[in-house]
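Have the model open beside you and try each task before reading on.

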Amino acid sequence: MEELYREHWPLVCGFLLRRTRDPHLAEDLAQETFVKATRALLGWRGENPAAWLLTIARNVLIDHVRRARRELELPHPDELGVPALHEDALVVRDLLDRLPERHGKLLTLVYLEGFSLVEVAAMTGAKHATIKTAVWRARAAFAELYGEKA
């Protein structure tokens, strides 16, 4: 477990920091993630440790938000480059649904859910360069569909 902690602490803590925007809270939640991972270690089937830990971290964050009965402050849409929620958002969702499943999933993880390429690589067990190329191809496919729409 100590090796998992040393190797994956930056990934887990960074994941939580991007979502909470509070370094102290992110560290507390990361610590809780590793405590829960230690308790669940016997049930772990040896799959990708980064994906397993990020799943636990996500659940810890959801539990924290539920306990606090408050919502995390979201960044302004302009800061994320996300269109305002109106008909453009519906068009984007429709185009994502029309893409091959892998493309739609990658674009959703990166652009809508805010995962970094490193996190997506860790979750999928693929190399960073492979994910970077796959996201580039997915964006190109999305742009092609978007061009057909216009």
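The exercises below look at charged side-chain pairs in this predicted model.

**Exercise 1.** Find the salt-bridge partner of Arg 67 and work out where the two residues lie.

*Solution.* Start with the distance: the closest N and O atoms of Arg 67 and Glu 32 are 3.8 Å apart. A salt bridge needs this distance to be within 4 Å, so the pair qualifies. Next, place the residues: Arg 67 belongs to helix α3 (residues 49–68) and Glu 32 to helix α2 (residues 23–40). Finally, check accessibility: Arg 67 is exposed at 53%, while Glu 32 is partly exposed at 22%.

**Exercise 2.** Which residue does Lys 36 meet in a salt bridge?

*Solution.* Look across to Asp 63, where the N to O distance is 3.8 Å. Then locate both ends: Lys 36 sits in helix α2 and Asp 63 in helix α3, 27 residues apart, so this pair too links distant parts of the chain. As for accessibility, Lys 36 has a relative accessible area of 31% and Asp 63 one of 27%. Exposed would require over 50% and buried under 20%, so both are partly exposed.

**Exercise 3.** Describe the pairing of Arg 98 with Asp 94.

*Solution.* First, the closest N and O atoms are 3.7 Å apart, and the two form a salt bridge. Second, both residues lie in helix α5 (residues 87–98), four residues apart, or about one turn of the helix. Third, Arg 98 is partly exposed at 47%, and Asp 94 is partly exposed at 39%.

Technical notes
Residues are numbered from 1 along each chain as its sequence is written. This is a predicted model: local features need pLDDT of at least 70, side-chain atom pairs count only at pLDDT 80 or more; totals for chains, interfaces and linings use all residues. Side-chain values use heavy atoms; hydrogens and water are left out. A salt bridge is a side-chain nitrogen of Lys or Arg within 4 Å of a carboxyl oxygen of Asp or Glu. Buried means under 20% relative accessible area, exposed over 50%, partly exposed in between (1.4 Å probe, protein chains only).
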